[in-house]
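Biologist: I am new to this entry and would like to learn how to read it, one feature at a time. Could we begin with a single residue and work outwards?

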Amino acid sequence: MQLYTLTVHQLSELMAQKKISSVELINAYLERSSKIEHKIQAFITHTKEEALAQARIVDAKRMQGEELSPLAGIPVAINDNICTAGLKTTCASNILNSYIPPADATVVTRLKNAGSILIGKTNMDEFGMGSSTEYSAFTPTKNPYALEAVPGGSSGGSAAAVAAGEAAFALGSDTAGDIRQPAAFCGVLGLKPTYGYVPRTGLISYASSLDQIGPLARDITDLALILNAILGHDPKDSTSATVDVPDFKAGLVNDVKGLRIGLPKEYMEAGVEGKVAAKIQEAVKQLEDMGAICVEVSLPHTEYAVAAHYIISCAEASSNLARYDGVRYGLRVEAEDVLSMFMQTRSQGFGDEVKRRVLLGTHVLSSASYDEYYTQALKVRTLNKQDFDQVWTQVDCLLTPASLTTAFKIGEKAQDALAMYLSNFCTIPVNLAGLPALTLPFGLADGMPVGLQLIARHFDEQTLLRVGYSLEQNTDQTSLKPDLDRE
Amino acid sequence: MTISKQDVEHIALSARLKLTEEEIKLYTKQLDSILECVDLLEQIDTTDVRPTAHGVELFNVLREDEVEPSLPQEKALINAPETEHGFFKVPRII
């Protein structure tokens, strides 16, 4: 039995039965990382000593008979745009490469209170801007299924770490599919909660109306346990929802009988790869065999979502990233006067893609372009939302591909910003509408993981988990493991 | 072309980015192709559509104006490139 392949709930059980200790578990993960991390490069910072110290504390509590959370003693990786007090948080950017947050993000506080062990900070596209981790200022992360392929992005380090057995679960952030697309590419599960359900306090902002923190894990039960720990109101985030949080673990059911599942035709007509389409059909057949009612539906404004999202995310980014000026934190490039200091700091500190998006955002917010681009994009956002409101009168959830293709090759899209952005075609409409969505693996195509995406109404994560759990219990396609030892 | 080299120079100054001649050329070309793609949105008639700022409806959040603990000054300054007497220090402005 390899500890690094087990799920959180399996590990939690082993620890509760005192068959393993948290220190043993952390050591097993550290040993796994020492063997494969040079191939995958999922981490920006590892926290060995501190992780072991925390594990000893959890073990001591357990020996004293203290009641512990199912996440206690479990190694977690945190995306490097989520603040960790006293531990470098870089956003994979040169402008923050020595930034030490003075406080933990709310989600980090919640996981620490649950006793989870922070094992490291994971690589990403700089500031979350990208879909492959190739736009990290430090190094690209590799896909554990094929080292010449990207892990997806921007939370690619988190997805690769969970897939490769370097963390039992991870927290990433999702602005355009940045949890779901890498989860799909790396054969793990990823969930973007409803906008506002998870506090963003301590998440370094990219596009505030779209950003959402969420988990990456190895099965549905693990996702339920993590949601139980991280969801819920935080008075420090004014966009945080005041909606009650159910017990997601207790609510897991293996039953989709009579559930109405919509299949949006616009996703299947958008140039989905044949081998991906075949797996989607297989999943539909499986769900129908289990008693679900699958019907074709239409989201007519789908083709406009990427363009609207491009404008909105860049506009918000240009405003959010104005704070990096060399005054309060981050890089400063010394210059004679303050304007030159601002300009040189930002030019040297930001990478190419970040500059491109800040420029585009500044342009669409300028008085001459504001109505033509920005206001029009916000109106299209309304139409996108109305499309979803309309289908919720017909179905309980939607099933789509997580991505039109399986993981692409490193270098394939890095020079083409537009092609890179379009790789999030399937995931972007969800962010615009603030909806919850889950991606889960559904077998392999030519050796690479294929991902399904499930989308539900606002604050209806339970339906996502219900469909995912039912698929998991009735097929062997949702649990994948890469073979990293053959090379 | 929907965007010119002069436009990019102007935007770069607004965005406080110092670009090389080469970068200006490259970004002009790239931004032009991105804008051409997003011009797709012009096709949609949105005359009677209201803009949406958030996918989930949000409301103002207010609380009583009571003093609560916040980040202490020394912690707020730990990442500052330069400080003096508890302030952030910047190059001469005037």
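Modeller: Let us begin with contacts, where contact means heavy atoms within 4.5 Å: not counting residues up to four places away in sequence, Lys19(A) touches Leu14(A) and Glu24(A). Please keep in mind that this is a predicted model, in which local features need pLDDT of at least 70 and side-chain atom pairs count only at pLDDT 80 or more, while totals for chains, interfaces and linings use all residues. Residues are numbered from 1 along each chain as its sequence is written, chains are lettered from A and ligands numbered from 1 in the order in which they are written, and side-chain values use heavy atoms, with hydrogens and water left out.

Biologist: Where is the place of Lys19(A), and is Lys19(A) buried or exposed?

Modeller: Buried means under 20% relative accessible area and exposed over 50%, with partly exposed in between (1.4 Å probe, protein chains only). Lys19(A) counts as exposed because its relative accessibility is 59%, and it lies in the loop between α1 (8-16) and α2 (22-40) of chain A. Helices (H or I, at least four residues) and strands (E, at least two) are DSSP runs, numbered from the N terminus.

Biologist: Which residues is Ser154(A) in contact with?

Modeller: Among them are Asn123(A), Asp125(A), Ser173(A) and Asp178(A), leaving aside neighbours within four places in sequence. Ser154(A) is also found in a loop, the one between β3 (117-122) and α5 (156-164) of chain A, yet it counts as buried, at 0% relative accessibility.

Biologist: How should I read the sheet, and in what order do its strands run in chain A?

Modeller: Strands of a sheet pair through backbone hydrogen bonds, either parallel or antiparallel. Two strands pair here if DSSP finds at least two bridges between them. In chain A, 11 strands form an open sheet with mixed pairing, in the order β1-β3-β2-β4-β6-β5-β10-β11-β9-β7-β8. The edge strands of chain A, β1 (43-46) and β8 (293-297), each pair on one side only.

Biologist: Which strands show the parallel and the antiparallel sense?

Modeller: β2(A) and β3(A) run parallel and are joined by 5 bridges, with Leu118(A) in β3(A) as the bridge partner of Val76(A). Strands β5 (residues 189-192) and β6 (residues 212-217) of chain A, by contrast, pair in the antiparallel sense over 2 bridges, and there the partner of Leu189(A) is Ala217(A).

Biologist: Why is strand β2 of chain A largely enclosed?

Modeller: In a regular strand the side chains alternate between the two faces of the sheet. Strand β2 (residues 75-79) of chain A is largely enclosed by the rest of the structure because 5 of its 5 residues are buried. Pro75(A), Ala77(A) and Asn79(A) are buried on one side, and Val76(A) and Ile78(A) on the other.

Biologist: Which residues touch the most other members of the largest nonpolar core?

Modeller: In soluble globular proteins, nonpolar side chains tend to be buried together. A nonpolar core is a set of buried Ala, Val, Leu, Ile, Met, Phe, Trp, Tyr and Cys residues joined through side-chain atoms within 4.5 Å. The largest one has 175 residues, of which Phe127(A) and Leu287(A) touch the most other members. Its largest share, 11 residues, comes from helix α10 (residues 302-320) of chain A.

Biologist: What elements does chain B have?

Modeller: Chain B has 3 helices and 2 strands, running α-α-α-β-β from the N terminus on.
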